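Hi,

Here is the structure I promised to pass on. Have a look at it first, and then read my notes below.

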Amino acid sequence: MKEKFRKLVKKKNRIYANLSLLQWDLETKTPIKSRAYLSELVAELSMQEYDLFTSEEFKNLVEELNKEKESLSEIERKEIEISMEEIEKMKKIPSDEYEAYAKLTSINQGIWEEAKAKNDFSIIKDGLEKIFYYSKKFAEYRRKNEKNLYDVLLNDYEKGMDTEKLDIFFSELKKEIVPFLKKIQEKKKTLKEEYKLNVPVDEDIQFKFAKYLSEYVGFDFEKGLIETSEHPFTLNLNKNDVRLTTNNKKNMPFSTVFSIIHESGHGIYEQQTADNLIDTLLGTGGTMGLHESQSRFMENIVARNKAFWKPLYKKSQEFYPFLKDISFEEFSKQINKIEPGLIRVEADELTYSLHIMLRYEIEKMIFANEGNIDELPKIWNQKMKEYLGIEPKNDAEGVMQDVHWYCGLIGYFPSYAIGNAYASQIYNAMKKDFDVEKALENQELNKITDWLGEKIHKYGRLKDTTEIIKEITGEELNPKYYIEYLKEKYSKIYQI
């Protein structure tokens, strides 16, 4: 039975690898007129994965192995647990609806890109309406004891998470961050702040610098590569083939910098999963909150740290010559400048989670039938005004800025805020083991990646996120470390 199980798992992983390759091509190189064809191929492969996991053969095999838990290895027991969860999830969704949804999410990517480029929400509105329709319908099929339908999807991305916990979590962030942001805004009135880093830089140069930085923080190019896409993402076939993308913005060169370091955090996680997890169901990162903690850790705690840039600043000037006219002290302030903005991926550390809270509240509203897709741009703009004091001029920089909803990732956004909180908790624990700033100054990034590899990455999906966080920090998710980190750092920068 074990051999048969291994064979089917290997087959499942091969289907996933082929799906990943198609998705990679679809989002990076596919000609516009070929997108529909590739979307059909994605749907077809998705059905193969669905058919395998819902087949009587696989279900019976998993049930039999579950009866023999004591004879299984730790890895096999976890695979059976995950398989049972996936079977339970997939078997409740009719195959024809699953196929239609797979095709929809695939083709919607290209439609979203067109709609965003043309600043025309009407182009993608129907597709988005169908995404939410299917998401709600599938959640209804799968609903058990959840008080809130939306909780079904939240649990998919962060096991054990629900609206009750998230409401408390975001309430705490809102209570602390919003007044602190106002203090900074008041302080800034007495300062003459000018952002000096938005200088045109050739996209090819940005790409070369992105690759340099990715390798510098620990991404292994013998096991990975970088390409460009409309929305940056990380994708893996297995730990030996991890792919990152960046979007080089000519007039915003540091957008590329922080974006690629963010994606490198994801990529390093995947590359550092244990070798014995290859060709199992566990050879990838854990929950999305834990995964985002690794990317946000690299992007903010590492790459916005003054110590990170001290040994790098001269090298940076070779790629970005305009930096020669900016002192290091000024540069350090510039990369940590607090300024409410419209775009999530460009948001500073302090306002970032407010962008996530906005998306969380909108998803929750739609699932509670308190808003509809036609009203979405208006709702979005109102919430931006309420939380950040600014309003989008158009839907491209408003409701269409992120790809997530348009390719079916409903319930994913809260993972970013959870990831921020986890990252600060992890940082607090890491500092007890070694001097993180000294390691950054000495260009010993391996101390950081080795620590993360040993404490988090090597486990893949073998251990649950709550177990990993508790082992590292002694407690479960606690936003106080995130709040303390932000207040301590920015009180010092803005002398509050």
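Contact, in what follows, means heavy atoms within 4.5 Å. Helices (H or I, at least four residues) and strands (E, at least two) are DSSP runs, numbered from the N terminus. The model is predicted, with local features needing pLDDT of at least 70 and side-chain atom pairs counting only at pLDDT 80 or more, while totals for chains, interfaces and linings use all residues. Residues are numbered from 1 along each chain as its sequence is written, and side-chain values use heavy atoms, with hydrogens and water left out.

First, the overall picture. The protein has 21 helices and 3 strands. Its C-alpha trace spans about 70 × 50 × 45 Å along the principal axes. A compact globule of 496 residues would have a radius of gyration near 23 Å, and the 22 Å of this protein agrees with that (taken over C-alpha atoms; the globule rule is 2.2 Å times the number of residues to the power 0.38). Of the 496 residues, 57% count as buried (buried is under 20% relative accessible area, exposed over 50%, partly exposed in between, with a 1.4 Å probe and protein chains only). Among contacts between residues at least 6 apart in sequence, 74% join residues at least 24 apart.

Now the helix pairs. α1 (residues 2-28) and α2 (residues 35-54) have axes that come within 10 Å and cross at roughly 165°, which makes α1 roughly antiparallel to α2. Axes here are lines fitted to C-alpha atoms, for helices over the stretch in contact, and angles run from 0 to 180 degrees between N-to-C directions. Angles under 35 degrees count as roughly parallel, over 145 as roughly antiparallel, 65 to 115 as roughly perpendicular and the rest as oblique. The crossing of α1 past α2 is left-handed (the near helix is turned anticlockwise from the far one by less than a right angle; clockwise would be right-handed).

With 19% relative accessibility, Arg35 counts as buried. Leaving aside residues up to four places away in sequence, Arg35 touches Leu26, Thr30, Gly110 and Glu113.

The other pair is α9 (residues 203-217) with α10 (residues 253-271), whose axes come within 9 Å and cross at roughly 35°. Here the crossing is right-handed. Phe209, Ala210 and Leu213 are among the α9 residues that meet α10, where Val257, Ile260 and Ile261 are included. The contact of α9 with α10 has 9 nonpolar, 4 polar and no charged residues.

Two loop residues are worth a look too. Asn119, between α5 (95-118) and α6 (122-142), has a positive phi near 55° without being a glycine; Asn119 is partly exposed at 36%. Asn369, in the loop between α15 (349-367) and α16 (376-388), has a positive phi of about 60° and counts as exposed at 60% relative accessibility.

Last one: Glu74 lies in α4 (residues 74-91) and is partly exposed at 48%.

Cheers

How values were computed:
Nonpolar A, V, L, I, M, F, W, Y, C, P; charged D, E, K, R; others polar.
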